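Please consult the sequence and the structure shown below while reading.

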Number of protein chains: 2
Amino acid sequence: MGSRSNKRIGKQTVKLQNPPKIITTTSIVGPKEGDGPLGEYFDLILKDDMYGEESFEKAESSMMYRAIKDTIKKANLREENIDYLFAGDLLNQLTSSNFAARDVNIPFFGLYGACSTMAESLGLASLIMDGGYADYVIASTSSHFSAAERQFRFPLEYGSQRSETAQWTVTGSGAMLLSHEGNKPYVTYVTTGKVKDYGIKDANNMGAAMAPAAVDTIYKHFKDTGRSPKDYDVIATGDLGLVGKKITEDLLWEYGYNVKNVYIDCGAIIFDHERQKTNSGGSGCGCSAVVTCGYLYKQMLDKDIKRMLLVSTGALMSTTSSLQGETIPGIAHAVAIEYD
Amino acid sequence: MGSRSNKRIGKQTVKLQNPPKIITTTSIVGPKEGDGPLGEYFDLILKDDMYGEESFEKAESSMMYRAIKDTIKKANLREENIDYLFAGDLLNQLTSSNFAARDVNIPFFGLYGACSTMAESLGLASLIMDGGYADYVIASTSSHFSAAERQFRFPLEYGSQRSETAQWTVTGSGAMLLSHEGNKPYVTYVTTGKVKDYGIKDANNMGAAMAPAAVDTIYKHFKDTGRSPKDYDVIATGDLGLVGKKITEDLLWEYGYNVKNVYIDCGAIIFDHERQKTNSGGSGCGCSAVVTCGYLYKQMLDKDIKRMLLVSTGALMSTTSSLQGETIPGIAHAVAIEYD
């Protein structure tokens, strides 16, 4: 069968030999996210979620463009210094990412992993950096509440009532710049997820659909690396929300791992659910992106978090697959970030 | 600015130090593609493009699943031997790829590059192999005429008349298995494209929208590598069709490169356009996938082609972006494949 690649440990994890650093990040959010508990950590809070554009979709694309441009600027670089952009979003045919990529002059890999895309883009960007294929790479994602509602559920104008287990798509975009320079938080492990499907069909209960994928990836990460929850200050799933978070905790406990003391969910902490009426919590590609680029990254710079595992989680349905009676498969990718 | 990564040459190209081999491929096509000039080169020709499923979308997903499974089987491997699957398609939220990935037990990176996805997935898979992160990687894409028509244009039941410059989405899926074993065609260069937009708005003239991206990537490939058209037996764009192919030839000539003797377009050769009424030619992710996995790969094994440059080309519009008056950006990725 040939000799096993020496950089992989276990079945699904790569241990980086030459860990790339996340030298700067940008987080941009809408007014509602800015009004939530993490408001102070975001770099830019939009006053209006149209962001001066004619459509929600264009507003989302502009947010991502701004996140990418600001990230390059903060690092005192120019577009031509960036070797690759890895980006994705929730819209059909990656509308937001493609149009953002059109306006920056950077070789572009478009990705789709639903809400798992931040860890997918960061994971692939980290492998490309570790392998010596690039000096500077940007990983980015975005989502927009109003664009997602009309694409996946109902246009807001219908005034449909929201289910108790429904999540609230985060309006926001995050961008991370990777390089080998300086002393900044760095990526040590990339655990790539498999698609998992436990037969959930309710698009208003995506936390439950994604939880088994999160559990599988976290469990494989522990098995592959020999680590356990006590090796992390924070394990952060992307957007399982309150419902999916509980399922994940319980299932990991059944596998013998008690994550309770270190486990947070980006979707569960981005809103004040009672006051902001966000039911089961935040969701969307932008959710783990802005919470990681804003809150968690800044906590790492302050040394309040020294080791974290980002586990972005995606529900891989489309309106077509749901209408055709298909269940909702989930996927989760994990990236370990550390700072001494 | 730090030392430049030593594996990149020029601005957009990686020269692989440890070229992965494409040890086997599978190509599956619909009846119309099987009836075309390349019919004899495809591994499986479906008798019915529903492929025993209840919907076009499920048929497309099943084709990709079968292409992946057959590829693994031909190499005498099992799913658990495959380290990564890189795959994408044209459907909203990668419906075909996600549901195919659900049914194979392989860590999965979902990609969206419209019809450029075969070169995007092969390019990323090649970098991951070259970097020593995997022993076996599969790159795959699919498209389906009827699924694409109803998503991007009109449901077939409307009987809409087709424009002269319209292309015909290929029903097909291709899968390639990369490894370091054996003596097979191998990947030497990966040139990653940038998004280019020259203001075309007509979704029935995608060849013209994509041609500038193809020209840009081919030109950068020549500049970065020092190669020229005479270094290749074949330069194959993905699906520019007859219209886009002419534009590409003319623009490259303006840049000083005469590609005429080696240049083919997968979309231009897959159908007999007059007899099969395919107007400007074939298109779709599946087009460059099946032509490469079927016709071109087999020509390489027979040593009729020793050096080829695959340049899959994507039109990055969505129905939403088109309805909102946006132009159609294009992207092209190039991968050099050689066999001594």
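Which residue forms a salt bridge with Asp35(A), and how far apart are the closest N and O atoms? The partner is Arg275(A), and the closest N and O atoms of this salt bridge lie 2.9 Å apart. The model is predicted. Chain A is divided into domain 1, residues 20-179, and domain 2, residues 186-338.

**Extent of the contact**
- The centres of domain 1 and domain 2 of chain A, taken over C-alpha atoms, are separated by 18 Å.
- Domain 1 of chain A contributes 55 residues to the contact, and domain 2 of chain A contributes 54 residues.
- Between them, the two domains of chain A bury about 4100 Å², with 64% of this area on carbon and sulfur atoms.
- Within domain 1 of chain A, the residues that lose the most area to domain 2 are Tyr41(A), Cys115(A) and Gln167(A), which together account for 17% of what that side buries.

**Polar and charged pairs**
- Two salt bridges are found across the interface of domain 1 and domain 2 of chain A.
- Across this interface there are also 19 residue pairs in polar contact, both residues being at pLDDT 80 or more.

**The side of domain 1 that touches domain 2**
- Elements of chain A that give two or more residues to this side include the strands β3 (21-29), β5 (84-89) and β7 (137-143), as well as the helices α1 (31-34), α4 (117-130) and α5 (145-152).
- β3(A) gives the most to this side, with nine residues.
- The residues of this side divide into 23 nonpolar, 22 polar and 10 charged.

Note on methods
Residues numbered from 1 in each chain as written. Chains lettered and ligands numbered in written order. Predicted model: local features only at pLDDT ≥ 70, side-chain atom pairs only at ≥ 80, totals over all residues. Heavy atoms only, no water. Domains from an automatic or database assignment. Contact = heavy atoms within 4.5 Å. Buried area = accessible area lost by both parts, 1.4 Å probe. Salt bridge = Lys/Arg side-chain N within 4 Å of Asp/Glu carboxyl O. Polar contact = N/O pair within 3.5 Å; in protein donor to acceptor, adjacent residues only side chain to side chain. Helix = DSSP H or I, 4+ residues; strand = E, 2+ residues; numbered from the N terminus. Nonpolar A, V, L, I, M, F, W, Y, C, P; charged D, E, K, R; others polar.
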